Amino acid sequence: DNDPYPYDKVRGQRFVPLMESFGSDRLMFGTDFPFVLNEKGSYQGAVDVVSSWAENDVDRENIMHKTAERLFGVWGGSDK
């Protein structure tokens with residue numbers, strides 16, 4: 001494995017440059033589910049590690065749910 005959990009290369013080579021270039025309001029969390037279940041840490045580990053990369057609560061909330069909610073709507077929310 002070239003970049004084992006907790007994915008330090010991904011953070012340094014992808015996440016940080018994307019944050020600097022686009023900001024958290026244009027990024028969203030995603031995994032290669034169901035394959036992430038076979039990785040160390042599983043799905044929750046991926047959630048935890050990406051959450052830990054955000055430098056503040058606003059960035060964390062954007063990346064982990066607000067950007068997706070803005071694009072796709074709130075899960076289970078109304079279309080009104």
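Predicted model: local features only at pLDDT ≥ 70, side-chain atom pairs only at ≥ 80, totals over all residues.
Residues are numbered from 1 along each chain as its sequence is written, and side-chain values use heavy atoms, with hydrogens and water left out.

The protein averages a pLDDT of 90, and 94% of the residues score at least 70; pLDDT is the predictor's confidence in each residue, from 0 to 100. Confidence is lowest in helix 2, at a mean of 93, and highest in helix 3, at 97. Helices here are DSSP runs (H or I, at least four residues), numbered from the N terminus.

Helix 2 (residues 42-53) packs with helix 3 (residues 57-72) at an angle of about 145°, and their axes are 8 Å apart. These axes are lines fitted to C-alpha atoms over the stretch in contact, and the angle, on a range from 0 to 180 degrees, is taken between N-to-C directions. Val47, Val50 and Ser51 of helix 2 meet Arg60, Ile63 and Met64 of helix 3, where contact means heavy atoms within 4.5 Å.

Asn62 in turn touches Ser24, Asp25, Leu27 and Thr67, not counting residues up to four places away in sequence.

The table compares accessibility, for which buried means under 20% relative accessible area, exposed over 50%, and partly exposed in between (1.4 Å probe, protein chains only).

| Residue | Relative accessibility | Class |
|---|---|---|
| Ser24 | 5% | buried |
| Asn62 | 13% | buried |
| Tyr7 | 16% | buried |
| Ser42 | 26% | partly exposed |
| Leu71 | 54% | exposed |

Tyr7, in the segment before helix 1, has a positive phi of about 60° although it is not a glycine, and Ser42, in helix 2, has a positive phi of about 55° although it is not a glycine. A cis peptide bond runs from Tyr5 to Pro6, with omega near 15°, and another cis peptide bond joins Phe33 and Pro34, with omega about 10°.

Terms used:
Helix = DSSP H or I, 4+ residues; strand = E, 2+ residues; numbered from the N terminus.
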